[in-house]
Amino acid sequence: MVPSESVTDLHKIVVVGGGAAGLELVTKLGNKYGKGGKAHVTLVDRARTHIWKPLLHEVAAGSLDVGHHAVDYLHHAHANHFRYRIGEMTGLDREKRVIHLAASRDSEGREVTPMRAVPYDTLVMAVGSTTNDFGTPGVAEHAIALDTKEQAMRFHQRLVNGMLRAHTQEGPVRPGQLHVTVIGAGATGTELAAELHRTTREVARTGLDRIDPAKDLKITLVEAADRILPAVPQRLAAEVMGQLAKIGVEVRVQARVTEVRADGVQLADGGFIPSELVVWAAGVKGPSFLKDLGGLESTRNNQLVITPTLQTTRDPDVFAIGDCAYLVEEGSQTPIPPRAQAAHQQASHLYGQMANRLAGRPLKPFKYRDFGSLVSLGEYTAVGNLMGFIQGRNMFIAGLFARLMYRSLYKMHETAVNGWWKTSLDALARALTRRTEPRVKLH
């Protein structure tokens, strides 16, 4: 028999997934309802720390140290009046209103927490998304996705180790040995390509004098569509394309990948890109366990179909927000995109509606507002368009102002999670440590 959490008379709110949407929501709920004893608030996540997903490309490139930005769930839960339960969700019993968690184990395989069941009155699914490899052969074996901080850190370690190997080997650097191919020219892939161009050269300058960056290091960005950044305005994509060409990142559009091999990437047109490091950043889907979870309606990409009130179509006690949720608003032909601003807006809306939920009153529908797009090319530049910025018109921005706007998105997330005081102190501490640490993480 699977052990269950103790039952309480308070309304039990369980949030599964501590990403951008889930952590912002559970923090606010804990401070409002958990602190006052008005509800029992619990976060469930298989990881122990949180890192804002749009930062993962910087972790992979080595320009951001996870230790300076990670949020420890156990400490954060204690400080914000909610409970944290480690474990991967494996099932949902809607009749008994419990979720099932797998046992968690340490790196040596020893059990840390057992299988168990967590009861709920309100369940919020905020488990985000994973990379969709579309069944392409060799992706699982030879490419690395950037869905988690562990994957980003693994890629960075392979990158640094590859450069150390090339520097110390007897022969010269082989063709393709220090080439990196990024598949998928959405925001993640494009930003990673630019960031890698800078950080690989920083690593080479730290005494690896047998590596010639101009000759040995090459970054290739591959996109199946007819242009990069297909989800953003054409003008913004063209500006980014020009910046990538300026710094020497090779871009291949209308290039469909048919296989990823240990020595490179095979294209549908017969072309081959030699590369010993491959990042797959093309396409997203919901985690596989969401398919037919508890009989809830889901899409072929494993997203949970929800109503305008963010409730799942088959169970009003189960909500979904963020990348794992699928909602086509009235008057629209396309679903709300899986973007950080959508996750933030949904978390804020559901938090605001929780008082109605607890009182048994009708919930107000969610309305998504697109504030535009921002793409950062690291220290090179940033570009973006702000929707309705001045008198209902769009505004194109670039350079320093765009970079500041891009960084402000992360500060907004930090403030939502930690409050403005801690966010300010953390920013000051990072500014001071940057003066004494390498510009790029070297291990």
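Which residues form a nonpolar patch on the surface?

## Surface patch

In this predicted model, the nonpolar surface patch is formed by Trp-420, Trp-421 and Leu-425. Together these residues have about 410 Å² of accessible area.

Leu-425 belongs to helix α11, which covers residues 400-433. The relative accessibility of Leu-425 is 42%.

Which residues form a nonpolar patch on the surface?

## Surface patch

In this predicted model, the nonpolar surface patch is formed by Trp-420, Trp-421 and Leu-425. Together these residues have about 410 Å² of accessible area.

Leu-425 belongs to helix α11, which covers residues 400-433.

## Overall architecture

The protein contains eleven helices and 27 strands. Its C-alpha atoms fill a box of roughly 70 × 60 × 50 Å along the principal axes.

The radius of gyration is 23 Å, which agrees with the value near 22 Å that a compact globule of 443 residues would have. Of the 443 residues, 50% are buried.

## Helix α7

Helix α7 comprises 18 residues, 187-204. From its first C-alpha to its last, α7 reaches 26 Å, close to the 26 Å expected at 1.5 Å a residue. A bend of about 25 degrees occurs in α7 at Leu-196.

Is helix α7 mostly covered or mostly uncovered? Helix α7 is mostly covered, as 16 of its 18 residues are buried.

The structure holds 20 salt bridges. Side chains of opposite charge can pair when their charged atoms come close. One of the salt bridges joins Asp-317 to Arg-357, with the closest N and O atoms 2.8 Å apart. This pair links distant parts of the chain, 40 residues apart: Asp-317 lies in strand β23 (residues 315-320), whereas Arg-357 lies in helix α10 (residues 340-359).

Are the two partners buried or exposed? Asp-317 counts as buried because its relative accessibility is 18%, under the 20% cut-off for that class. Arg-357 is also buried, with a relative accessible area of 18%. Asp-317 and Arg-357 take part in a network of salt bridges that also includes Lys-12, Arg-97 and Asp-121.

Lys-411 forms a salt bridge with Glu-414, and their closest N and O atoms are 3.2 Å apart. Why are these residues separated by about one helical turn? Lys-411 and Glu-414 are three residues apart in helix α11, so about one helical turn lies between them. Lys-411 is partly exposed, with a relative accessible area of 30%, whereas Glu-414 counts as buried at 4% relative accessibility.

A salt bridge also connects the side chains of Lys-422 and Asp-426, with an N to O distance of 2.9 Å. Lys-422 and Asp-426 are four residues apart in helix α11, and therefore about one helical turn separates them. Lys-422 is partly exposed, its relative accessible area being 39%.

## Positive phi angles in loops

Most residues other than glycine have a negative phi. His-81 has a phi near 65 degrees, a positive value in a residue other than glycine. His-81 is located in the loop between α4 (73-79) and β5 (83-86). The relative accessible area of His-81 is 33%, so this residue is partly exposed.

Arg-97 likewise is not a glycine, yet has a positive phi of about 55 degrees. Where is Arg-97 found? Arg-97 is in the loop between β6 (89-93) and β7 (98-101). With a relative accessible area of 30%, Arg-97 is partly exposed. Arg-97 is also among the residues linked in the salt-bridge network with Lys-12, Asp-121, Asp-317 and Arg-357.

How values were computed:
Residues are numbered from 1 along each chain as its sequence is written. This is a predicted model: local features need pLDDT of at least 70, side-chain atom pairs count only at pLDDT 80 or more; totals for chains, interfaces and linings use all residues. Side-chain values use heavy atoms; hydrogens and water are left out. Helices (H or I, at least four residues) and strands (E, at least two) are DSSP runs, numbered from the N terminus. The expected span of a helix is 1.5 Å times one less than its number of residues. The bend at a residue is the angle between axes fitted to the seven residues ending there and the seven starting there. Buried means under 20% relative accessible area, exposed over 50%, partly exposed in between (1.4 Å probe, protein chains only). Patches are made of residues with over 30% relative accessible area and no salt bridge: like charges are joined within 9 Å, nonpolar side chains (Val, Leu, Ile, Met, Phe, Trp, Tyr) within 5 Å. Accessible areas come from the Shrake-Rupley method with a 1.4 Å probe; for residues, only the protein chains shown count as cover. A salt bridge is a side-chain nitrogen of Lys or Arg within 4 Å of a carboxyl oxygen of Asp or Glu. The radius of gyration is taken over C-alpha atoms; the globule rule is 2.2 Å times the number of residues to the power 0.38.
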